[in-house]
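Let's learn to read a structure by asking simple things of it, one feature at a time.

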Amino acid sequence: MKITSIDRADAASGILFLLFGLFFGSQSLGLELGTAFRMGPGFFPLILSGVLMCFGLLVLFNAFKTDQPGDMGSFAWRGLLFILPAPIFFGLTVRGLGFVPAIFLTTVIAGLASLKMRPHWAILLAIAVTIFSTLVFSYALGLPFRRFGPWLSF
């Protein structure tokens with residue numbers, strides 16, 4: 001394979017994926033791994049870090065395949081202002097609002113990070129994610145959390 005140029009955006013992304021995968025993989029080794037049938041607390045993070053490192057290798061390999069160098073583009077301020085606060089908002093409100101309103105509002109906040117996402121589509125996406133998450137985490141897995149919290153009086 002002849003490399004004519006390197007896509008710097010893909011290379012940087014691949015390296016970041018690899019670094020995060022290595023970091024979280026090394027952190028999960030400090031926990032009990034268990035077996036595939038009796039998973040310990042470190043098993044799932046170790047598997048996810050392996051998947052993340054595989055994605056990093058694929059993206060990094062793709063950076064060397066390109067014929068045209070990629071432009072890094074401008075800094076995504078909108079993503080920074082909406083994506084980063086969304087999980088923080090969820091963590092701060094899930095006990096007070098409850099799971100259903102917190103996941104709904106978190107999805108709306110994260111959905112507004114895209115310039116292409118219109119508010120009505122963000123609300124429809126939030127409804128779908130809320131229904132799916134409630135069905136999976138509350139009913140299928142039976143996780144012990146309140147669907148509606150004490151901040152809501154109904």
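Q: Where is Met117 found?
A: Met117 sits in the loop between α5 (99-111) and α6 (119-140). Helices here are DSSP runs of H or I with at least four residues, numbered from the N terminus. Keep in mind that this is a predicted model, where local features need pLDDT of at least 70, side-chain atom pairs count only at pLDDT 80 or more, and totals for chains, interfaces and linings use all residues. Residues are numbered from 1 along each chain as its sequence is written, and side-chain values use heavy atoms, with hydrogens and water left out.

Q: Is Met117 buried, exposed or partly exposed?
A: Buried means under 20% relative accessible area, exposed means over 50%, and partly exposed is in between (1.4 Å probe, protein chains only). Met117 has 22%, so it's partly exposed.

Q: Which residues does Met117 touch?
A: A contact means heavy atoms within 4.5 Å. Leaving out residues up to four places away in sequence, Met117 touches Gly111, Ala122 and Leu125.

Q: What about Thr134: buried or exposed?
A: Thr134 lies in helix α6, and its relative accessible area is 10%, so it's buried.

Q: Which backbone oxygen does the side chain of Thr134 reach?
A: A polar contact is a pair of N or O atoms within 3.5 Å; within protein, one must be able to donate a hydrogen and the other to accept it, and residues adjacent in sequence count only if both atoms are side-chain atoms. Here the Thr134 side chain reaches the backbone oxygen of Thr130 at 2.7 Å. Not counting residues up to four places away in sequence, Thr134 also touches Phe99, Val100, Tyr139 and Arg147.

Terms used
Helices (H or I, at least four residues) and strands (E, at least two) are DSSP runs, numbered from the N terminus.
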